[in-house]
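Please examine the structure shown below.

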Amino acid sequence: MQVTIKSKVNSKRRKLLAGAAAAAGLSSGFQLIELALAKSDDEVASSLKRWGLLIDTEKCASDCDACVSGCNSEHNLDGFDRPETDAQWIRKIELTDQQTGHVSSLPMLCQHCENPPCVDVCPTGASFKRDDGIVLVDKHICIGCRYCVMACPYKARSFIHESLHDQKSYSPRGKGTVESCTLCVHRIDKDQAPACVEACNTQGNGAMLFGDLKDEGSDIAKKIKASSSRQVRADLGLNTGVRYQNL
Amino acid sequence: MEPTEIMRRDHMNFLLHQRDRTVHDGIRSKQHSLNECVNCHVQTNQSGEFIPVDAPEQFCQACHGFASVKLDCFECHATTPDEGYSALDQLLPDGHNISAMAFFKTRLPHQAWPGESLSAEIAASPSTLFP
Amino acid sequence: MTQHFKILKSNQPGYWLSLLLFTLLIVAGYGAAHYMETQGHWVSGMNNQIVWGLPHVFAIFLILAASGAINVASLSSVFSKQGYKPWARMSALLAICLLIGGLLVLVLDLGRPERLIVAMTYYNFKSIFAWNIFLYTGFIFVVVLYLWTMFEHSMNKYTQNAGLLAFVWRFVLTSGTGSIFGFLVARQFFDAAMMVPIFIVLSLVLGTSVFILVSLTVTRWDQTTISEETIFSLVRLLGIFIAAELFLVAVFHLTNLYATEHHGVERFILMDGGRYTRLFWLGQIVVGGMIPLGLIFLTRYGNKTVGAVVVSMLALAGSFSQLYVTIIGGQAYPLVLFPGKDVSSSFFDGVVAHYSPSMPELLLGLGGFGLSLMLLVIVMRVLPFLPDIRAVQIKS
């Protein structure tokens, strides 16, 4: 009889445990699927994704440059106090309408175009577009000719004019090569958002949204579909990955 | 990371191949990663600060100086691990760990270990590192 | 009546002084390049707004002069103007030397000149720059082939064919050089198909002027003569080329002015640009265009040797100004990202970019010049490029 009672209690406990285990198993199974979807170290960047940004210029304030400081500290972009030659990956532009006098502000960075002029003109192919849409410079084969700097309609590229030290291990940069915003590719490959977006969300006004433009369920894709946004210099037909709202 | 004899002769080929995989394909596996080389082979000075791995008398120059082959990697790549990284923590999390063997092997015979006091301890009783 | 050729031999003080000058320029140029490479480009006047500066003006100057210099040879081989035939060899050699000088300036100004081998092994064929690497090196091979047909007696029958190949190649090369700028959609001053014909005619102006000056100088050193007929027909040709260039420049600016979109950049170049406006009107149009045209066609000055020298130098100065205005002025004018809005930023948006040429850049450019001319003299000292005109005259 003791055995029966025990077994009854045991069976209830067992069911409970079984139920809990099943739930745990399912949830960890989902987690595993999520992890599987997340890019592992050995996985190749895929053209099934296209990373992009949506920037709401209404929320962007003239006196805020959280995105710029976020980027500078992430990549150690501290300059040499020589603004004409110091590198700048993202900058704030202040716009004043010539007719109405309305003032607005927005961040300008590499637009990660689908048809990048910088990639077209690079003689060695150092300037290239990764399969998931990020436009990068392969500094191993960059010869420093600066043709891409001339070609970029957004003035997104910078040439490094002096010897650099104290680089971050995930952001190599050196004298004599050209660089620009990498969309924090090292963070994206670890499923984090770019430093500028994170800074804007934590210290700024939350004007920047990052995500996979090809994923119809992502926040950015839904927002782009729902509200109007535009590219800067859309007339060039570059199909930029960075779009602006309320411009 | 490959056996020493292979590394000595072919490390450049591994790096040349890996750099394209990382930059163009986003493959960031650690086996042939330059950052991982730096993380293991970098040394610290007496104050515990990292010494640039390509400085004279450090790991790279031990061979490159003799072979008279100029290093180009560190024009762009970081010569020390990022702030907050501690090789010792990595390899000796609880004071004695089998991966200390790996740490041993990354030192060249004439190189000192980081931290004089540790050296003294090891000199006194090396077996504390290998339980 | 066969033409005899001889090597350049001179004891004139001008000859030795020139060699000294070329050597000094080469040494200074190399020193400047080394300085810029080790320190980084912050020591030059170039910056993130004006990435191509004085060295590039010099380099394109030399490259265009190279493709134009071979024109004299082309006139004899392709257009059968026999009067230029004695000078075909030197014309081809001058083209090669000028090209080498120009290319060297370009390569030494790269951020990573030691990666030239990368530029020659990794190619992106959508880039006109990549094509230009083939066009430039190919040009040297084609012209060497052309020279071989002229030097090797048994190959003389192929000279016309080789000359035609060189002629066509040089046109493609100059079009490629013009396309470097013409293909840049971002820059208001550049995105025009007109860049190609403008550069082609500019190369004819440059090449002819350099050839006149070089041929007058070497014949003076060697105390041979170049026939007056040859020189003055070249001077008249130069006049025609200058007139054609003025016409093309006028068409370029007038068509630009027609489109309101380009009014900003046109206003900048033609009126508001300060240094660029002065260089355009005074340098390019007046000194490089109107004055030489007047001298050549309206006075007898064009028929004197001194006149030939003056006109050539004016044309060179005008062409240099034109390249400066095109390359640097075109970069100085800000990119228009937001039409209808005034912009400002920490990265010099919306403002005319600032550029002051620095000494290392100037020395590098002049070094390229010095190298071209030094190379010319050395080769002419060793191989018979100089037509022995006196021998011909005595025979006839």
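An angle between two helices is taken here between their N-to-C directions and runs from 0 to 180 degrees, the axes being lines fitted to C-alpha atoms over the stretch in contact. The model to which this applies is a predicted one.

In chain C, helix α8 (residues 195-222) packs with helix α12 (residues 305-332) at an angle of about 140 degrees, and the two axes are 9 Å apart. Angles over 145 degrees would count as roughly antiparallel; the angle found here therefore makes α8(C) oblique to α12(C). The crossing in which α8(C) passes α12(C) is left-handed.

The residues that meet in this packing can be located on both helices. From α8(C) come Leu202(C), Val205(C), Leu206(C), Ser209(C), Ile212(C), Leu213(C) and Leu216(C), and they meet residues of α12(C) that include Ala308(C), Val309(C), Ser312(C), Ala315(C) and Leu316(C). By class, the residues of the contact of α8(C) with α12(C) comprise 10 nonpolar and 5 polar, with no charged residue.

The contact between chains A and C comes next. It brings 46 residues of chain A together with 39 residues of chain C. On the side of chain A that touches chain C, two or more residues are given by each of β2 (90-97), α3 (117-121), α4 (147-151) and β6 (158-159) of chain A. Of these, β2(A) gives the most, with 7 residues. That side of chain A divides into 21 nonpolar, 13 polar and 12 charged residues.

Strand β2(A) also pairs across the two chains: 5 bridges join it to strand β2 (residues 341-345) of chain C, and the two strands run antiparallel. Within this pairing, Glu94(A) stands opposite Ser344(C) in β2(C).

Technical notes
Residues numbered from 1 in each chain as written. Chains lettered and ligands numbered in written order. Predicted model: local features only at pLDDT ≥ 70, side-chain atom pairs only at ≥ 80, totals over all residues. Contact = placed C-beta atoms within 7 Å. Helix = DSSP H or I, 4+ residues; strand = E, 2+ residues; numbered from the N terminus. Nonpolar A, V, L, I, M, F, W, Y, C, P; charged D, E, K, R; others polar. Pairing = 2+ DSSP bridges. Parallel < 35°, antiparallel > 145°, perpendicular 65-115°, else oblique. Left-handed = near helix turned anticlockwise from the far one by under 90°.
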